[in-house]
Amino acid sequence: MKQFLSVHDVSDIDALVQKALAYKANPFQDKTLGSNKRIGCLFLNPSMRTRLSTQIAAQNLGMEAIVFNVGAEGWALEFADGAVMNGTSVEHVKDAAPIMGNYFDVLAIRTFPSLKNREEDYSENYIKQFVKYAGIPVVSLESATLHPLQSLTDVITITETFKEKRKPKVVLTWAPHVKPLPQCVANSFAQWMTAWGNADFVVTHPEGYALDEQFTKGATITTDQDAALKDADYIYVKNWSSYEQYGQILCNDQSWMLTSDKLKTTNNAKVMHCLPVRRNVELSDEILDGPNSIITQEASNRVWAAQAVLASILHG
Amino acid sequence: MKQFLSVHDVSDIDALVQKALAYKANPFQDKTLGSNKRIGCLFLNPSMRTRLSTQIAAQNLGMEAIVFNVGAEGWALEFADGAVMNGTSVEHVKDAAPIMGNYFDVLAIRTFPSLKNREEDYSENYIKQFVKYAGIPVVSLESATLHPLQSLTDVITITETFKEKRKPKVVLTWAPHVKPLPQCVANSFAQWMTAWGNADFVVTHPEGYALDEQFTKGATITTDQDAALKDADYIYVKNWSSYEQYGQILCNDQSWMLTSDKLKTTNNAKVMHCLPVRRNVELSDEILDGPNSIITQEASNRVWAAQAVLASILHG
Amino acid sequence: MKQFLSVHDVSDIDALVQKALAYKANPFQDKTLGSNKRIGCLFLNPSMRTRLSTQIAAQNLGMEAIVFNVGAEGWALEFADGAVMNGTSVEHVKDAAPIMGNYFDVLAIRTFPSLKNREEDYSENYIKQFVKYAGIPVVSLESATLHPLQSLTDVITITETFKEKRKPKVVLTWAPHVKPLPQCVANSFAQWMTAWGNADFVVTHPEGYALDEQFTKGATITTDQDAALKDADYIYVKNWSSYEQYGQILCNDQSWMLTSDKLKTTNNAKVMHCLPVRRNVELSDEILDGPNSIITQEASNRVWAAQAVLASILHG
């Protein structure tokens with residue numbers, strides 16, 4: 001693997017999933033693969049699970065991980081070509097990235113969207129410039145439009161929990177939230193589900209919340225949540241802000257919150273969420289504390305997803 | 001040892017002290033005990049000595065230590081059961097702690113009191129919820145009411161410096177400060193001194209500063225500092241805010257500051273403090289820079305206290 | 001080597017440069033030199049390259065590196081002797097530094113000038129107090145007036161790129177900036193160039209920007225940039241605020257920005273800068289993106305400079 005920015009960088013999703021599950025069974029089987037190798041984890045936006053799971057994955061492979069929180073440590077990057085840098089940004093990505101490329105063997109980056117300018121966010125200009133100028137493999141720790149380590153984790157979690165011969169029905173449902181959130185997790189989950197092809201995949205959301213079609217092509221899309229949830233094996237709950245009216249909150253309808261009542265028509269569906277979750281806003285306590293939630297297992301799988309990706313990159 | 005939240009988790013204080021002193025003599029004797037083990041150090045409040053000494057102790061045992069500063073890294077936790085999370089807290093401890101429990105082998109946590117609601121602070125609700133939901137051994141790096149790693153350090157320091165056959169007289173004296181501070185260090189020192197039983201233990205403070213009796217039971221308590229200090233072998237200087245008028249500063253009397261003059265009636269007492277210390281407010285320069293201070297030695301022993309505790313937990 | 005605060009701590013510059021280049025050729029040749037040794041990296045001011053390169057250098061030598069960001073982690077130090085600490089500073093360097101000296105084998109510190117009080121800044125009071133009270137070797141990661149790891153890097157970079165038998169002409173030129181910056185990098189480069197003696201060294205700047213003579217003694221100094229640049233082999237571009245009218249910006253003349261046009265009279269000069277650089281303010285895009293810039297190579301050499309210094313200190 002040369003980089004990990006989206007599902008397009010993965011030649012065989014199932015093989016990568018099996019690799020991750022092998023690490024879960026035996027975390028230290030490749031303890032020397034990363035000897036004398038170093039990963040830089042650059043956070044332009046904050047992180048908890050992603051940061052910890054990436055550090056742990058690197059350590060399991062014997063790699064040194066160095067974390068750098070750009071926000072907290074006051075280092076404003078410039079991304080505009082030809083900028084006269086007489087404002088607040090202190091360094092251009094053109095100057096910073098090549099040095100990262102010399103200091104590290106792998107560069108992992110988190111960079112969120114502005115949610116103000118759709119064209120700019122969807123150009124993925126920030127992470128692409130790191131790829132262009134760093135000259136080493138880049139791993140997305142969530143970018144403006146995608147969160148591939150989360151999605152790989154989700155495929156791992158579905159794979160390890162679904163024991164039947166048929167394809168599971170997997171439903172991605174929008175949920176309310178108090179803040180306008182990126183579309184990344186939803187986009188990415190849709191992209192991986194459709195690329196994977198081993199699920200009947202349905203997306204449901206209120207009017208005005210359609211995701212970018214490049215990610216949902218091949219999915220069934222409906223604004224009728226009840227219809228979507230019927231016979232579901234997995235429900236992936238996630239808020240996102242509008243793609244059409246970019247970055248806006250168009251709906252506060254609490255009836256979109258997933259509750260135990262809504263599980264009744266499902267196939268005793270397992271409930272997933274990428275975390276952090278707003279309890280009793282996105283998901284009810286009864287679901288989060290009940291037997292259908294596999295959210296802790298899902299979050300724990302973040303380590304094995306990261307480890308499989310890093311190992312694939314170390315193998316080239 | 002299953003956890004380390006207070007002296008009640010220690011079956012044999014002297015054995016733990018000797019273990020720590022053995023690590024001081026030979027820091028790397030258990031260099032492989034923590035191989036492939038990982039400690040997460042979660043700071044809901046800032047730290048210097050505690051963070052560094054815990055990291056060093058873990059490294060001495062061959063454990064990986066991962067530090068996570070929640071404040072600085074913007075991750076507000078919710079602790080209220082049944083909360084509708086439509087405010088500023090982004091994640092419930094119920095969701096965060098189990099994942100920590102999957103990512104780490106030991107979880108070390110610092111969480112301060114609010115000093116606004118005594119009942120809530122003294123319930124130790126925050127750290128107890130981590131214990132409840134993490135499912136792995138939890139080590140307190142200072143909680144709302146106690147600071148057991150500091151107190152173990154203090155017993156280590158008294159043990160290694162007192163060479164006589166009799167019990168030393170140990171005095172905990174209140175000192176002025178400019179800010180309302182927690183009662184943790186004072187509570188915890190009293191709890192350990194009374195549980196240890198190898199000292200004549202006296203607590204002295206102005207009117208209104210009595211500590212919670214659950215911690216001072218068995219100690220001599222007086223508001224007469226002069227009488228308390230007479231013949232003292234050790235003086236532990238510490239400010240705390242009022243427990244009775246909870247979190248309030250009731251006294252600014254600078255005559256409570258420990259000065260060289262006050263050492264005259266003592267048995268050439270050694271002076272202790274947990275640091276950080278406000279010079280010429282809590283303690284005079286002449287004491288801090290003079291021969292009676294064992295404060296640097298005390299702070300340095302933080303490493304060996306942490307190492308003994310982590311090793312005991314790794315041994316189960 | 002006992003400490004690394006300035007060029008005066010180096011007995012043989014060329015030997016240190018060769019040591020660094022040997023590490024560049026074989027980074028892990030001393031992988032066990034730092035076993036069971038620990039470096040504390042204390043940042044009173046933010047850092048990117050310095051922090052990363054020091055961590056990497058330590059890891060290459062098998063040392064544990066622990067980073068502590070004082071600013072971000074809210075720990076205000078007091079440096080005044082005799083201070084009554086009833087204000088905002090929470091701990092005196094006299095109390096903090098000895099503990100660092102017990103926790104670590106080497107202490108690396110970054111501390112910037114105030115740019116308000118020249119006498120105080122140029123006394124280097126902050127880093128000197130750490131040296132005085134820590135009791136272990138101290139490495140400057142940039143202090144109030146000097147940046148020796150950067151300067152060593154610069155000598156390394158000139159050494160490895162200059163292949164002729166004669167001395168190169170090296171020009172340090174002032175450049176515009178939007179903020180008042182320390183004189184550290186310029187002072188230090190001048191100090192190292194004059195101590196090294198293997199270059200014809202010229203400093204050029206506008207009126208009012210003369211550096212402290214203790215650092216530039218032996219250099220040719222001129223306010224005529226064109227004359228300075230003529231036949232130059234290396235141009236070191238750097239802004240600094242006025243030393244005479246201390247901390248002030250006296251000149252915004254954009255004609256001091258280095259552009260490709262100005263390279264015409266040089267000996268196809270290589271262009272250096274310590275980074276971060278304000279594009280199109282200090283240096284034009286065409287230079288930074290063109291063949292004369294050796295800035296990425298220079299920044300990458302920070303690792304080998306730090307590794308050579310740490311190894312020298314570990315060797316005593």
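**A colleague's note on a predicted three-chain model**

1. Helices (H or I, at least four residues) and strands (E, at least two) are DSSP runs, numbered from the N terminus. The peptide bond between Leu275(B) and Pro276(B) is cis, with omega about 0°.

2. Before going on, some ground rules. This is a predicted model, in which local features need pLDDT of at least 70 and side-chain atom pairs count only at pLDDT 80 or more, while totals for chains, interfaces and linings use all residues. Residues are numbered from 1 along each chain as its sequence is written, chains are lettered from A and ligands numbered from 1 in the order in which they are written, and side-chain values use heavy atoms, with hydrogens and water left out.

3. Now look at chain A. The bond from Leu275(A) to Pro276(A) is cis, with omega near 0°, and Pro276(A) belongs to the loop between strand E11 (270–272) and helix H11 (285–288) of chain A. Such places are worth a glance, because most residues other than glycine have a negative phi, and most peptide bonds are trans.

4. Asn268(A) is not a glycine, yet its phi is positive, near 50°. Asn268(A) lies in the loop between helix H10 (260–263) and E11 of chain A. With a relative accessible area of 58%, Asn268(A) is exposed (buried means under 20% relative accessible area, exposed over 50%, partly exposed in between, with a 1.4 Å probe and protein chains only).

5. Is Glu142(C) buried or exposed? Glu142(C) is buried, at 9% relative accessible area. Its phi is positive too, about 110°, although Glu142(C) is not a glycine. You will find Glu142(C) in the loop between strand E6 (138–140) and helix H6 (148–161) of chain C.

6. Leaving aside residues up to four places away in sequence, Glu124(B) touches Ser143(B), Ala144(B), Thr145(B) and Leu146(B); contact means heavy atoms within 4.5 Å. The side chains of Glu124(B) and Ser143(B) are joined by a polar contact of 2.8 Å. A polar contact is a pair of N or O atoms within 3.5 Å; within protein, one must be able to donate a hydrogen and the other to accept it, and residues adjacent in sequence count only if both atoms are side-chain atoms.

7. How are the chains arranged? Chain C can be laid on chain A with an RMSD of 0.0 Å by a turn of 120° and a shift of 0.0 Å along the axis. That is the relation of a three-fold axis. Copies are superposed by least squares on the C-alpha atoms of residues with pLDDT of at least 70 in both. Only 3% of the interface residues of chain C are also interface residues in chain A, so the copies meet through different surfaces.

8. Next comes the meeting of chains B and A. Here 28 residues of chain B contact 31 residues of chain A. The buried area is about 2,500 Å², and carbon and sulfur atoms give 55% of it; buried area is the accessible area (1.4 Å probe) that two parts lose on being put together, summed over both. The rule finds three salt bridges across this interface, where a salt bridge is a side-chain nitrogen of Lys or Arg within 4 Å of a carboxyl oxygen of Asp or Glu. Glu91(B) forms a salt bridge with Arg49(A), with the closest N and O atoms 2.8 Å apart. On the side of chain B that touches chain A, H3(B) gives the largest share, seven residues.

9. Finally, turn to chains C and A. In this pair, 31 residues of chain C are in contact with 28 residues of chain A, and about 2,500 Å² is buried between them. Met48(C), Arg278(C) and Arg279(C) supply 23% of the area that chain C buries against chain A, more than any other three residues. Lys94(A) and Asp289(C) form a salt bridge, their closest N and O atoms being 3.1 Å apart. On the side of chain C that touches chain A, H2(C) gives the most, with eight residues.
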